Amino acid sequence: MLKPLATVDHMLLRPEGKGTIRALSRIGYELPAAIADIIDNSIDAQATRVEITFLRNDREITSVTIADDGRGMDMATLRMGMQFAGRTDHDVGDLGTYGMGLKSASFSQAKTMTVISRQNGNVVASRWSVEAIDNDWRCEVLDPVQAGVTFNDLCLRGKTPASGTLVIWERLDRLVVSQHADALDEFLGTAMPRLEAHLGLIFHRFLESGALSISTVVRHERRPLALPRPVRPHNPFLYPNSGAPGWPKALSCEFPGLGSLTLDAHIWPAGSAADGFLLGSRKGIEFQGFYFFRNNRLIQAGGWNGAVKGNQDPELMLARVAIELPPAGIDVNVQKSALQVTASQAQALLAASDSEIDLEDYLEAARAAYRASRRTERSSGSPPAVPGPGIAMRVRRAARKWIAGNREAEEIGFAWGELDDGQVFDLDLSEMNIVLNRKFRYEILDGSPASSADAPLIKILLFQLYKESFARQRSSGKLRDHVNLTNSLLFEIIKIRLKDRDE
Ligand SMILES: Nc1ncnc2c1ncn2[C@@H]1O[C@H](COP(=O)(O)OP(=O)(O)O)[C@@H](O)[C@H]1O
Ligand SMILES: [Mg+2]
């Protein structure tokens with residue numbers, strides 16, 4: 001023990017300078033998690049409807065609004081809500097915790113956040129900007145009459161609620177896309193499905209029970225008519241039949257610091273293409289692991305929290321464990337996307353058991369179910385591989401006809417991704433992708449324009465070279481050596497092109 005040191009004076013040190021808000025905006029929220037945190041507040045306010053609107057012009061997203069028909073706020077509540085760590089006196093059933101979500105989620109995406117809220121016919125409104133926080137932490141109170149007009153205009157259009165809240169994000173520094181004409185459409189084309197998949201997963205219990213509906217819409221400034229799309233629930237445990245007889249089973253564990261927890265250990269049927277299994281991914285491998293729920297909101301979607309090595313073991317792809325957390329007493333990261341588990345807590349999870357089996361036995365059963373499915377697949381002759389996304393549609397159609405006829409086929413996709421410096425390509429056996437190094441895109445294309453189906457010759461040749469390895473689904477030393485050698489040869493060419501470019 002250290003000897004106690006005596007206090008002789010105090011210095012009152014409030015946060016100062018521009019670091020505070022910059023640090024806050026770098027907590028690491030992705031757009032879907034940031035919006036989910038705003039929706040948590042709507043749920044806490046008993047909302048039944050939430051509408052997320054992306055307002056755009058030809059080049060950029062000018063604002064994002066999140067509207068709900070919850071109980072709304074009066075000025076005192078709004079004041080506390082705008083304050084950082086302002087409100088911490090939550091009911092046990094609430095999703096809010098630190099009194100930070102509204103602010104930290106908003107500033108992870110935007111430089112200005114406006115909140116307009118209506119309660120008992122009264123409108124209150126307030127605005128934070130990063131500059132104001134940098135300067136002197138002065139939060140603006142806005143004209144209620146003007147705010148009321150904006151509220152009627154933007155909040156759940158066509159059916160403005162009697163009470164409700166509208167959160168507006170502007171100056172969206174994280175959603176900037178490049179200037180070329182299709183960049184924004186391309187961005188929205190991937191961002192919107194990702195957002196819907198994420199919200200459908202995180203809030204699936206609320207959506208399934210009908211307690212809440214969420215919709216998203218992208219609205220062009222000059223074309224105000226746009227159809228909202230409902231977010232559908234994605235239940236990660238909704239399979240028709242168990243993947244192994246006798247499962248799911250309930251195991252229990254003494255979780256240090258929390259008390260006893262029940263682990264509902266499930267084994268999915270192999271080869272499922274259900275939404276709930278794939279959850280927006282190609283094969284669902286990254287969605288194995290623990291699913292922690294708190295007050296029906298999903299806090300963590302898969303991952304083993306250190307209880308099992310790695311999070312993407314192909315043999316464990318059928319294993320998912322649902323765990324209900326008590327309302328309080330456990331550390332969740334600020335984004336509410338993962339549980340912070342200590343080493344002794346991870347050990348406790350691993351030791352979870354019922355009278356007969358423990359978590360290790362469960363993992364073994366999940367592995368066995370996976371292996372059995374691979375055996376049947378092999379004995380029935382695994383489906384032939386055909387080129388998938390990343391190759392022009394007419395080539396894919398021709399290839400499918402020639403390679404697979406009318407049999408089932410498995411697609412191998414192509415993607416530009418981050419690879420090590422000397423690597424021109426790599427095989428992602430679990431996600432069924434051939435990945436090309438984005439850093440060398442220019443050199444690989446050698447003057448041709450980039451597009452979603454570019455570099456067709458190299459893609460098709462790599463496909464022909466490695467399609468059998470994808471069917472075997474196993475990476476051997478021999479395969480590694482072959483991939484390395486091919487990479488070295490290709491890299492020699494890339495080096496020449498890099499040199500030409502420099503000259
Ligand atoms: N959509 C909303 N409807 C009603 N009240 C809200 C809404 N959003 C935020 N608030 C109020 O602002 C407070 C602060 O929100 P937040 O920063 O997310 O922290 P927390 O949710 O942990 O309290 C909430 O507790 C609530 O009182
Ligand atoms: Mg909150």
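Author: Two strands pair if DSSP finds at least two bridges between them. Helices (H or I, at least four residues) and strands (E, at least two) are DSSP runs, numbered from the N terminus. This is a predicted model: local features need pLDDT of at least 70, side-chain atom pairs count only at pLDDT 80 or more, and totals for chains, interfaces and linings use all residues. Residues are numbered from 1 along each chain as its sequence is written, chains are lettered from A and ligands numbered from 1 in the order in which they are written, and side-chain values use heavy atoms, leaving out hydrogens and water.

Reader: Which residue of β17 is the bridge partner of Asp-428?

Author: β16 (residues 425–428) and β17 (residues 433–437) pair in the antiparallel sense over four bridges. Asp-428 has its bridge partner in β17, and that residue is Asn-433.

Reader: Which residue in the hairpin of β16 and β17 takes a positive phi?

Author: Most residues other than glycine have a negative phi. The hairpin has four residues between its strands. A positive phi near 55° is found there at Met-432.

Reader: In which loop is Gln-46 found?

Author: Gln-46 is not a glycine, yet its phi is positive, about 65°. Its place is the loop between α2 and β1.

Reader: Which peptide bond is cis?

Author: Most peptide bonds are trans. Pro-248 sits in the loop between β8 and β9 (249–255). With omega near 5°, the cis bond runs from Trp-247 to Pro-248.

Reader: Why do β5 and β8 each have one side without a neighbour in the sheet?

Author: The open sheet of eight strands runs β5-β4-β3-β6-β2-β1-β7-β8, with mixed pairing. β5 (140–141) and β8 (229–230) stand at its edges, so one side of each lacks a neighbour, because each has a single partner strand.

Reader: Which residue of β6 is the bridge partner of Val-64?

Author: β2 (residues 61–68) and β6 (residues 164–170) are antiparallel, with six bridges. The β6 partner of Val-64 is Trp-169.

Reader: What angle does α7 make with β1?

Author: Contact means heavy atoms within 4.5 Å; axes are lines fitted to C-alpha atoms, for helices over the stretch in contact, and angles run from 0 to 180 degrees between N-to-C directions. Helix α2 (residues 31–44) packs on the sheet, touching β1 (49–56), β2, β6 and β7 (213–220), at about 140° to β1. Helix α7 (residues 183–202) packs there too, touching β1, β2, β7 and β8. Its direction and that of β1 make about 170°.

Reader: Which strands stand at the edges of the open sheet of five strands?

Author: The order is β9-β10-β13-β11-β12, with mixed pairing. Each edge strand has a single partner, so one side is left without a neighbour. These strands are β9 and β12 (297–301).

Reader: Which helix gives the largest share of the shell around ligand 1?

Author: Ligand 1 has 17 residues around it (a heavy atom within 4 Å). α3 (75–82) and α4 (101–109) each supply at least two. The largest share is three residues, from α4.

Reader: How far is a polar side-chain atom of Thr-165 from a nitrogen atom of ligand 1?

Author: Polar contacts here are pairs of N or O atoms within 3.5 Å. An oxygen atom of ligand 1 is 2.8 Å from a polar backbone atom of Gly-99. For the Thr-165 side chain and a ligand nitrogen, the distance is 3.3 Å.

Note on methods:
A polar contact is a pair of N or O atoms within 3.5 Å; within protein, one must be able to donate a hydrogen and the other to accept it, and residues adjacent in sequence count only if both atoms are side-chain atoms.
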